[in-house]
Amino acid sequence: MALAHDASVHRSITKTSYLLGRQCPRRQWLGHHGVVEPAVTEAAVLALQIEASREVESLAAELFPGALRVCREGEATTPYVGVEGTKRALAEAQAVLQAHFEADGLAAISDIVEVRAEGLYLWEVKSSTYEAEGDDDEARANPLYDWDLAYQVHVAREAGNVVIGAGLILLRKEYVRGGGPVRAEEVLIRLDRSAEVAALAARVAEEVAAQQSMLRGSTMPTELPGPRCKGGRKVAAGNRPSDCGHFLPHGVCGRELPVFWAGSLPNLAGGKIALVTGTPGLKIEDLDPNDPAAKWTETQRRVIEGVQTRDEVVDHVPLREKLDELEWPLSFVDLEFDPTMAIPRHPGMRPYDRVPFQWALAIEEECGGGAGGGALLPGAHDSRSESSVRRVPAGRPATDRSPGRAPPGRGDDGAEADREASGRRRHGAPAGADPTLRRHREDRKGGLLPPGPDVLLLDQKAGTRPDGPRLRRPRHRKRNAGGGGVAPSAAPRREP
Ligand code: SF4
C-alpha cells in the first residue's frame, strides 16, 4: 500500500501521540511514520476551536501572575526556549507556561507548571466546561484528561523532576458573564486530579514502553476499523481522543472498506460490533437480515434489506399522515450559530452559549396568499433573547419586505409594527403573540432557540393561516421570503 509520508514528522512520542496510541496502535504508528492523516474537521472550524483554546489558556495564565512563558525551538518569542529554557524558567519563577519536558524519546509540554516548595505541580488547561455544583462532580471529570495529565507527569519525572501533583483548569459551566470584563477566578475552576493521576502512573509507564517497542517496528499494526475509530471524549477508558482521519473514505483504513461496510450499520452495540467488525471487509450484502442469532433491530434489518435489494425503503403511510397535518403556508427558518465561543463575550451569556449570527426565512405556499418577510436577528449577540424569536415575522407585507437587515434604529416598537402589519395579524392572531413559535419553544423544553440542528421547520397553521387549505399535493413552490442576513456583531469577533 502506498502511503503519503510527511518528512517533518516528530519522532518522539508526544502527549498527543501517546493518547492516539491508546486509541489505536495503527493510528499512532501511521503518524509516527509520517503518514499524513486526512483532516476530519474543516480548517475554518479548527481555527475557531484553536482560537477558543488559546483564549482560555490566556485567561488561565492570569491565575499565575509573574509566570514565565517558554516557546518552542525555532520560535524565539520569549527568552526561554524549549527544554533548556524551561529549566531556567523553573529556577526563576513560581510558575511556567508551556513547560517543555523530554526524556528517552518522550516529549511533553505542560500548559502551566507551578513551582511549589515540595516539587512541581502540573496544570492542564482545557476549554471544556465543568459543572462544579451538583451531586456527582467526579462523574463529570473527563477520563481522557487524567491520562493526558498522567503522561505529562510521567515524562516530567523521567526528566528528573519531582512532581507532587497535577490538576485541571476548566471553564465553569454555570458561569454567567456580568457587566464587566471576564475575570479568570470567576470563569475558571481548578480541579485537583493528583489521586486519579497517581493511580494511572504504573499503566502509563507500561503503555509507553509498549508503544515505543511497537513504533520501532516497520510493519503497520493490524487493527481493523471499529468503534475505536470514532472519538468519544467521555468514554470511561479515556482512549478515544478524536475521530480518526484514516477512517475517511480516502484514509488508509477507509479506502480499504467496501462501500456498504457492515460496520456502518446503525446503532451497533454489544456483540454485534464484534460480529460485523471482526471480519475484515465484511459487506452488508453478506449479512442475513433474518438471522435469528444476529438479533438485528428493525432498523438494521431494513438497512440490510435495502442495501441487498438496492431499493429505497420509505414509510409511505406515516409520512403521508405527517404531511397531511401540514397546512400552507409553510415557513422554513434557517438559523446559523457560532457554537465555539468558550469565553462569553456579552453580559448574560455562559461559556459556549450559541451565538446566532445569520438567518434566513423562506415561505413555501400553495395559493400565493402568504407574504414573506424577515429581519436580522437583533438579539444576535444573545441566543436566549426573547426578542430574537419574536423578531422573525412570519408574514410581512410585500411592500415592506426587508432585504435581510432590520432598518436602522428599529427597536422593539419596530418589531411590534412588523407584527401589526403581518399576515398573521390580518388573519386574526392576537397581536404580539405567535402561537407557532410559542409552541415550538415549549417543544424545546423552554429553550428559546433550538439547541440541536440549526434548521427548523415551523408549522404555522395555528397563527398564520387558521383557515388555510389542507396540504394534499405538494407543489414545491419555495421562494426566498426576502429575509436573512448576517449579524454585524458576529464578525469580526472582537474582544469586549
Ligand atoms: S481508521 Fe480506525 S483502525 Fe484505522 S488507524 Fe484509524 S482508528 Fe485505527
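Select F247. This residue is partly exposed, because its relative accessible area is 24%; buried means under 20%, exposed over 50%, and partly exposed in between (1.4 Å probe, protein chains only). A word on what you see: the model is predicted, local features need pLDDT of at least 70, side-chain atom pairs count only at pLDDT 80 or more, and totals for chains, interfaces and linings use all residues. Residues are numbered from 1 along each chain as its sequence is written, and side-chain values use heavy atoms, with hydrogens and water left out.

W261 counts as buried, at 6% relative accessibility.

**The aromatic pairs**

How many aromatic pairs does the structure hold? There are four. Rings of Phe, Tyr and Trp (its six-membered ring) pair if their centres lie within 6.5 Å; planes under 30 degrees apart count as stacked, over 60 as edge-to-face and the rest as tilted.

Select F64 and W123. Their ring centres are 6.4 Å apart and their planes stand at 50°, so this pair is tilted. F64 sits in the loop between α3 (43-61) and β1 (68-69), and W123 in strand β4 (residues 119-130), so the pair ties together parts 59 residues apart in sequence. Helices (H or I, at least four residues) and strands (E, at least two) are DSSP runs, numbered from the N terminus. Both F64 and W123 are buried.

Go back to F247 and W261. Here the ring centres are 5.8 Å apart and the planes are at 70°, so the pair is edge-to-face. Both residues lie in the loop between α7 (194-216) and α8 (271-277), 14 residues apart.

The three form one aromatic cluster.

**Charges over rings**

Select R116. Its charged end sits over the ring of Y121, 4.1 Å from the centre. The test is that NZ of Lys or CZ of Arg is within 6 Å of the ring centre and within 35 degrees of the ring normal. Then select R22: its charged end sits over the ring of W147, 3.4 Å from the centre.

**The ligand**

Which residues are around the ligand? Select C24, R26, R27, L224, P225, C229, C244, H246, F247 and C253. Each has a heavy atom within 4 Å of the ligand.

**Last stop: E124**

Select E124, in strand β4. E124 counts as buried, at 2% relative accessibility. Among the residues it touches are K15, D111 and D148; contact means heavy atoms within 4.5 Å.

How values were computed:
Lists of a residue's contacts leave out its neighbours within four places in sequence.
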